[in-house]
Amino acid sequence: MNFENIGIQAFKADLNRLDDVMKKYGMVRAEQWDYERISYDRKFIIREGTYYLRVQGYAVEGDVDTFDALMQLMTPILGKHYYPHGVEYGDDEVYPGHLVKQCEQILTDLKKEIEAFAE
């Protein structure tokens, strides 16, 4: 599921500031990066299953490994985890309304904080 209506994908932001803001909302980068790309995930374990909210980005300037990069954010996505295959992000997945609402609120709050320092 794509959250295109939030508008985070319009922002370019400093990697270090992104790390701080994302962590505040439970969005973890962990080992999900390479020299040009990042992914922040938040895991939700609910009655209906395990889901991941993901915000991705890619470097338009600098390198992620040096912690000196300007990141272009991408459209946030929500996916459902299926053991042992992984996470499915397809439109044919069923997403609980309460989870979608919670993710929209997290993303809206993130957007407000990121736009204060984004380019």
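## Salt bridges

A salt bridge is a side-chain nitrogen of Lys or Arg within 4 Å of a carboxyl oxygen of Asp or Glu. In this predicted model, the count by this rule is five.

One of them joins Asp19 and Arg29, whose closest N and O atoms are 2.6 Å apart. Asp19 sits in helix H1, and Arg29 in the loop between H1 and E2. The pair links distant parts of the chain, 10 residues apart. Asp19 is buried, because its relative accessible area of 17% is under 20%. Arg29 counts as buried too, at 10%.

## Two further bridges

Glu113 pairs with Lys24. Their closest N and O atoms are 2.8 Å apart. Glu113 is partly exposed, with a relative accessible area of 24%. Lys24 is exposed, at 58%.

Arg37 and Asp34 also meet in a salt bridge, at 2.5 Å from N to O. Arg37 counts as exposed, with 51% relative accessibility. Asp34 counts as partly exposed, with 25%.

## The nonpolar core

The largest nonpolar core has 32 residues. Leu18, Leu53, Leu78, Leu110 and Ile114 have the most contacts inside this core. Five elements are listed as giving two or more residues: helix H1 (15-24), strand E2 (37-46), strand E3 (49-63), strand E4 (68-73) and helix H2 (97-115). H2 gives the most, with seven residues.

Take Leu53 as a case. Neighbours within four places in sequence are set aside here. Leu53 is then in contact with residues including Phe3, Met27, Tyr40, Phe44, Ile77 and Leu78. Cys103, Ile106 and Leu107 are also among its contacts.

## The aromatic pair

A search of the whole structure finds one aromatic pair. Tyr51 and Tyr95 form this pair, which is tilted. The ring centres are 6.2 Å apart, and the planes are at 55°. Tyr51 lies in strand E3, and Tyr95 in the loop between strand E6 (86-88) and H2, so the pair ties together parts 44 residues apart in sequence.

Tyr51 counts as buried at 1% relative accessibility. Tyr95 counts as buried at 13%.

## A patch on the surface

Tyr58, Val60 and Met74 form a nonpolar patch on the surface. Together they have about 240 Å² of accessible area. Val60 is found in strand E3. Val60 is partly exposed, with a relative accessible area of 37%.

Definitions and conventions. Residues numbered from 1 in each chain as written. Predicted model: local features only at pLDDT ≥ 70, side-chain atom pairs only at ≥ 80, totals over all residues. Heavy atoms only, no water. Core = buried A, V, L, I, M, F, W, Y, C linked by side-chain atoms within 4.5 Å. Buried < 20%, exposed > 50% of the residue type's maximum accessible area, 1.4 Å probe, protein only. Helix = DSSP H or I, 4+ residues; strand = E, 2+ residues; numbered from the N terminus. Contact = heavy atoms within 4.5 Å. Patch = residues over 30% accessible without salt bridge, like charges linked within 9 Å, V, L, I, M, F, W, Y side chains within 5 Å. Areas by Shrake-Rupley, 256 points an atom, 1.4 Å probe, with all protein chains shown as cover. Phe/Tyr/Trp six-rings, centres within 6.5 Å; stacked < 30°, edge-to-face > 60°.
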